[in-house]
There are 2 protein chains.
Amino acid sequence: MNPARPVFFVSDHTGITAEIIGKSLLSQYPDEAFATESLPFVDSQEKAQNAAAHIKDSSKVSSLRPFVFSSLTDPDARDALNASDALVMDIYGQFLGMMTAEIGHPATPARGKFHAMGDQNTYTSRIDALNFSLATDDGMALKYDRADLILVGVSRSGKTPTSLYMAMQYGLCVANYPLTPEHFDHFDLPAVLKPHLRKLRGLTLSPQRLSQIRAERRPNSDYASLETCKMELTTAETMLRSAGIPVLDSTTRSVEEIAALLRQSLTNPTVQRPA
Amino acid sequence: MNPARPVFFVSDHTGITAEIIGKSLLSQYPDEAFATESLPFVDSQEKAQNAAAHIKDSSKVSSLRPFVFSSLTDPDARDALNASDALVMDIYGQFLGMMTAEIGHPATPARGKFHAMGDQNTYTSRIDALNFSLATDDGMALKYDRADLILVGVSRSGKTPTSLYMAMQYGLCVANYPLTPEHFDHFDLPAVLKPHLRKLRGLTLSPQRLSQIRAERRPNSDYASLETCKMELTTAETMLRSAGIPVLDSTTRSVEEIAALLRQSLTNPTVQRPA
């Protein structure tokens with residue numbers, strides 16, 4: 001393994017944008033080692049100069065030129081950063097020029113507008129969605145008329161993290177309902193779900209993975225046994241598919257991937273269940 | 001208001017990176033109207049051509065040239081997109097070239113590596129952190145030895161969304177503990193928190209805002225009255241500050257901002273409480 005290259009995410013606000021872009025780009029060099037550091041809230045010229053000095057210091061320790069991913073909006077602060085001798089990936093500098101040329105008037109520099117409460121409606125709707133997902137977690141509070149989606153699956157199939165993530169990221173009201181052994185005697189969808197067929201999405205995963213996840217909670221239990229997991233998953237999947245509910249496999253998918261696929265299923269008829 | 005310009009977020013994976021960069025840049029033009037659409041999972045040459053055709057169609061309807069924020073990794077797919085006549089903000093095209101020149105060997109194109117389960121350890125630790133935050137929400141399951149942070153504050157001061165967000169985004173184990181009227185008789189920190197002083201962070205907000213938030217849950221209640229809110233907030237803040245616990249005001253801050261500040265307080269001594 002090569003020595004680690006110093007990498008900085010510099011932002012005048014939370015640093016979320018710079019960090020996501022940076023990590024996304026770094027992931028394209030899987031054989032390189034990077035030592036990352038976040039420098040958020042660099043919101044004055046003095047702080048920008050301090051950040052540049054800190055970055056310059058790091059290049060004295062490492063033999064590799066530092067990488068900087070910057071979402072600084074202030075042109076003077078961006079200049080200060082460029083003087084650090086690092087390779088600066090200047091997100092705003094790069095793209096705002098292109099956009100401004102097309103729009104015909106310059107941007108209104110507004111620090112961290114996107115991750116602030118700026119757009120109060122959007123922000124409030126995301127927090128409302130999160131509260132909705134918490135209140136309707138695990139089959140509690142069946143306020144399904146308000147739900148955008150209702151996730152259905154056996155215990156520990158990933159419903160809760162997915163619901164919370166979709167609320168936070170997309171502002172969608174996502175409820176979730178667990179299928180438990182009591183439902184399996186009937187081989188029929190729980191009555192409370194039937195009026196909401198179009199909102200239902202199933203989550204499944206491999207019995208091996210489910211057994212592993214459950215064993216972390218209750219080792220050596222019947223609940224975590226491979227046999228129980230197989231039986232529950234097969235019954236649940238049969239139940240969901242025969243009701244025409246699309247089922248997603250989360251075995252090798254991250255919460256972000258499941259969330260993006262589920263969101264797409266709201267608008268894209270090709271992944272929607274047949275009407 | 002000008003007519004809305006069509007904007008597309010194109011990705012061969014979840015589209016999270018393209019969407020965050022795009023929305024962040026669009027927020028710099030608050031007077032412009034944009035009609036945004038996400039096109040995730042564009043993971044074949046055929047899908048890239050379909051996306052380009054869809055984008056081209058949109059420019060027939062609008063008089064404004066479409067903007068495209070693309071995180072496509074495949075060079076051929078990027079070429080297909082560039083042929084759409086839209087203004088393409090090509091995140092990978094722009095920055096990977098710079099990085100490759102410095103690193104000395106080309107990137108290993110890997111679709112959506114960052115938001116996949118790719119780095120199994122990091123991914124698992126984020127899901128573990130989320131489960132930890134859920135299990136320790138609202139003073140349940142006091143497993144504070146494992147906690148990175150413990151948020152303390154009155155009911156509805158923003159502890160839960162912040163805990164969940166920090167787990168999801170940063171993989172930090174963030175517990176939260178509510179200060180309720182029973183604690184206020186003692187004017188002293190609850191005993192269960194005392195061994196963990198260095199991990200404690202207080203959340204507060206204006207009485208007006210708290211009253212408003214509580215009234216959405218229980219309108220016209222004593223719980224939501226401005227008087228109750230004032231009393232609880234004053235007592236809680238006095239209690240926290242006299243124990244040397246840093247207190248953050250969430251009145252005008254988003255969950256992302258609070259989370260970034262709290263994370264910074266873990267590493268940056270200038271915002272840490274005095275030892």
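Thr14(B) sits in the loop that links strand E1 (5-10) to helix H1 (16-26) of chain B (helices, H or I with at least four residues, and strands, E with at least two, are DSSP runs numbered from the N terminus). You're looking at a predicted model, where local features need pLDDT of at least 70 and side-chain atom pairs pLDDT 80 or more, while totals for chains, interfaces and linings use all residues. Residues count from 1 along each chain, chains are lettered from A and ligands numbered from 1 as written, and side-chain values use heavy atoms, without hydrogens and water.

**Loop residues**

- Is Thr14(B) buried or exposed? Thr14(B) is buried, at a relative accessible area of 3% (buried is under 20%, exposed over 50% and partly exposed in between, with a 1.4 Å probe and protein chains only).
- A polar atom in the side chain of Thr14(B) is 3.3 Å from the backbone nitrogen of Ile16(B).
- Over in chain A, Gly15(A) belongs to the loop between strand E1 (5-10) and helix H1 (16-26), and Gly15(A) is buried with a relative accessible area of 5%.
- Pick out Asp145(A) as well: Gly15(A) and Asp145(A) are 130 residues apart in sequence, and their C-alpha atoms are 37 Å apart in space.

**Positive phi without glycine**

- Asp85(A) isn't a glycine, yet its phi is positive, at about 70°.
- You'll find Asp85(A) in the loop between H3 and strand E4 (87-90) of chain A, where Asp85(A) is partly exposed with a relative accessible area of 48%.
- Phe41(B) isn't a glycine either, and has a positive phi of about 55°.
- Look for Phe41(B) in the loop between strand E2 (34-39) and helix H2 (45-61) of chain B; at 13% relative accessibility, Phe41(B) counts as buried.

**H2 and H3 within chain A**

- Helix H2 (residues 45-61) and helix H3 (residues 75-82) of chain A have axes 8 Å apart and pack at an angle of about 15° (axes are lines fitted to C-alpha atoms, for helices over the stretch in contact, with angles from 0 to 180 degrees between N-to-C directions).
- H2(A) and H3(A) are therefore roughly parallel (under 35 degrees; over 145 is roughly antiparallel, 65 to 115 roughly perpendicular, the rest oblique).
- From H2(A), the residues Gln45(A), Ala48(A), Gln49(A), Ala52(A) and Ile55(A) meet Asp76(A), Ala77(A), Ala80(A) and Leu81(A) of H3(A) (contact means heavy atoms within 4.5 Å).

**H4(A) against chain B**

- What partners does helix H4 (residues 91-103) of chain A have here? One of them is H1(B), whose axis comes within 11 Å of that of H4(A) and crosses at roughly 65°.
- On the H4(A) side, Ile91(A), Tyr92(A), Phe95(A), Leu96(A) and Met99(A) make the contact; on the H1(B) side, the residues are Ile21(B), Ser24(B), Leu25(B) and Leu26(B).
- Another is helix H4 (residues 91-103) of chain B: the axes of H4(A) and H4(B) come within 12 Å and cross at roughly 135°.
- That angle makes H4(A) oblique to H4(B).
- Here Ile91(A), Gln94(A), Phe95(A) and Met98(A) of H4(A) touch Ile91(B), Gln94(B), Phe95(B) and Met98(B) of H4(B).

Terms used
Polar contact = N/O pair within 3.5 Å; in protein donor to acceptor, adjacent residues only side chain to side chain.
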